[in-house]
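Please read these notes with the model open beside you, and follow each point on the chain as you go.

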Amino acid sequence: MSIEKLPAVIPFEETIKNFHFTDETDIIDVSCSSSDSLLSESDQHACNNNCLLIKIKEVLHTSFGMYVWPCAPVLGKYIWNNRNRLKDKTTLELGSGTGIISVVAAKCGAHTILTDSKKYGSVFKIAEENMKLNNVDCKNFEIQELTWGYITPFMIKNGQIDFILGSDVFYCPKDFEDIIVTVSYLLKKNPEAEFWCAYENRCSEWNIDHLLKTWDLSVKLIPLEDFGADLFNIAGHDLPGLKTINLFIFKYILTET
């Protein structure tokens, strides 16, 4: 697919954030810089098999997807803690934005598919840059257009998907059913797959229970303390104990025919 190129001069600030995922309860160690160099050998060797250091480029742009939201490191932490399940599997990320989730998945040994709406061509470019910034081989990831609520040729023709990943995709209530329709289709096509989703609860009145029932999905809440993500600060965002962020696992409910 063709990827829209960013302007030669972007009139917005670019930053690089370092994310340090570990098996300890200190979820993330974040620092910012203006460098976009590849991870150095010393950076890579600073981590053993129990931790992961990645760099993510952000652009302070009117597009919401071009910087890391608080949910992303929470989901990234969960993925890293379950990295053995992702090795040699295929993941599909909804609303990939900066691509941080797919970077983590790729570092866990997965083949990653990054998706977003066609209208966010600049976001595709940032995601591709972040995959390369973290030395992810181009053979291990692909970028596809996917508009929630539509069954596209890519979704029909694509092979097996083991995990669907989504960080803060439930942002606008008008999109909720479209997301559920997309997830339901993918899980029905891949009945052993799971949808891992980090969600920030912005309104207590928002509810998707009726959509889950309509589209044959079940959901399980994963407590943040189960994987060391119940802290007060994440990705530079101060949150009171992360009480507004939840981690859910969705599955397709197999029905008898």
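1. Helices (H or I, at least four residues) and strands (E, at least two) are DSSP runs, numbered from the N terminus.

2. This is a predicted model, in which local features need pLDDT of at least 70 and side-chain atom pairs count only at pLDDT 80 or more, while totals for chains, interfaces and linings use all residues. Residues are numbered from 1 along each chain as its sequence is written, and side-chain values use heavy atoms, with hydrogens and water left out.

3. S7, H7 and S8 make a right-handed β-α-β unit, where right-handed means that, with the strands pointing away from the viewer, the path from the first strand over the helix to the second runs clockwise. In the loop between S7 and H7 lies Asp168, which has a positive phi of about 60 degrees although it is not a glycine. Asp168 has a relative accessible area of 10%, and therefore it is buried (buried means under 20% relative accessible area, exposed over 50%, and partly exposed in between, with a 1.4 Å probe and protein chains only).

4. Helix H7 (residues 176-189) has 14 residues and should span 20 Å at 1.5 Å a residue, which agrees with its end C-alpha atoms being 20 Å apart; the expected span is 1.5 Å times one less than the number of residues. The buried residues of H7 include Phe176, Ile179, Ile180 and Leu187.

5. Strand S8 (residues 194-200) is mostly covered, since seven of its seven residues are buried. In a regular strand the side chains alternate between the two faces of the sheet. Here Glu194, Trp196, Ala198 and Glu200 point one way from S8, and Phe195, Cys197 and Tyr199 the other way. S8 also pairs with strand S12 (residues 245-252), in the antiparallel sense and over six bridges, and there Tyr199 stands opposite Asn246.

6. Another aspartate deserves a look: Asp88, in the loop between helix H3 (83-86) and strand S4 (90-94), has a positive phi of about 65 degrees although it is not a glycine. Its relative accessibility is 65%, so Asp88 counts as exposed.

Terms used. Pairing = 2+ DSSP bridges.
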